[in-house]
Amino acid sequence: MKTTDFTTTILVDQSPEEVFNAINNVRGWWTGEPGIEGSTDKLNDEFTYLYQPYHYSKQKITELIPGKKIVWLVIDSNINFVEDKSEWTGTEVTFEITRKGDKTEVCFAHVGLVPDIECYGDCSNAWSSYINNSLRDWIAQGKKAA
């Protein structure tokens, strides 16, 4: 069965452990104003992401397997540019990390971000930019994309 959840994959030179640590430093790559509040690197941690005035979400880290996998459950959301402001609530954000030869692959998925919800176009474009630019640069260089 083909999934319709939003996914994107990147390949980087760093080790799975380095990738895992970079992803968990969410402030380094998921930007916005005022940005991230709360702890982002331990199982059951909860953190909020705020990008005024468009987006608020609260994530709970529900799975954390060092060097392999990270899962966030979106426990609250308010997406201001769509009719159903809570479209993200109950969705999951996953990062699967796999060694591929001398590279590391990151398979990102936002489970529940599907084409039939209103924010799919804007939200999938934003995730594409964050994962393929901000996160990739953060993993490679430890700094935010310009």
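**A loop and its surroundings**

Tutor: P53 is placed in the loop between β3 (46-51) and β4. The model is predicted, so local features need pLDDT of at least 70 and side-chain atom pairs count only at pLDDT 80 or more, while totals for chains, interfaces and linings use all residues. Residues are numbered from 1 along each chain as its sequence is written, and side-chain values use heavy atoms, with hydrogens and water left out. Strands (E, at least two residues) and helices (H or I, at least four) are DSSP runs, numbered from the N terminus.

The peptide bond that leads from Q52 into P53 is cis, with omega near -10°. The phi of N44 is near 75°, a positive value in a residue other than glycine. N44 counts as partly exposed, at 48% relative accessibility. Here buried means under 20% relative accessible area, exposed means over 50%, and partly exposed lies in between (1.4 Å probe, protein chains only).

Next come the nonpolar side chains. Y51, Y54 and F81 form a nonpolar patch on the surface, with about 290 Å² of accessible area together. A patch is made of residues with over 30% relative accessible area and no salt bridge; nonpolar side chains (Val, Leu, Ile, Met, Phe, Trp, Tyr) are joined within 5 Å, and like charges within 9 Å. The areas come from the Shrake-Rupley method with a 1.4 Å probe, and for residues only the protein chains shown count as cover. F81 lies in the loop between β5 and β6. It is partly exposed, with a relative accessible area of 35%.

Charged residues also gather on the surface: E83, D84, E118 and D122 make up a patch of negative charge. Asp and Glu count as negative and Lys and Arg as positive, while His and the chain ends are not counted. The place of a charge is taken as CG of Asp, CD of Glu, NZ of Lys or CZ of Arg. D122 belongs to helix α2 (residues 120-141).

Then there are the salt bridges, each a side-chain nitrogen of Lys or Arg within 4 Å of a carboxyl oxygen of Asp or Glu. The count comes to 6. E63 and K69 form one of them, at 3.8 Å from N to O. K69 also pairs with E96, at 3.7 Å from N to O. This pair links distant parts of the chain, as K69 is in strand β5 (residues 69-79) and E96 in strand β6 (residues 92-100), 27 residues apart. E63 is partly exposed at 28% relative accessible area, and E96 is partly exposed at 37%. A further bridge joins E105 and K100, at 3.9 Å from N to O; K100 is partly exposed, at 42%.

K68 is found in the loop between β4 (55-65) and β5, and K68 counts as exposed at 52% relative accessibility. From K68 to G90 is 22 residues in sequence and 23 Å in space, C-alpha to C-alpha.

Last, the cysteines. The structure holds 0 disulfides, a disulfide being a pair of cysteine sulfur atoms within 2.5 Å. C107 is partly exposed, at 27% relative accessibility, whereas C123 is buried, at 5%.
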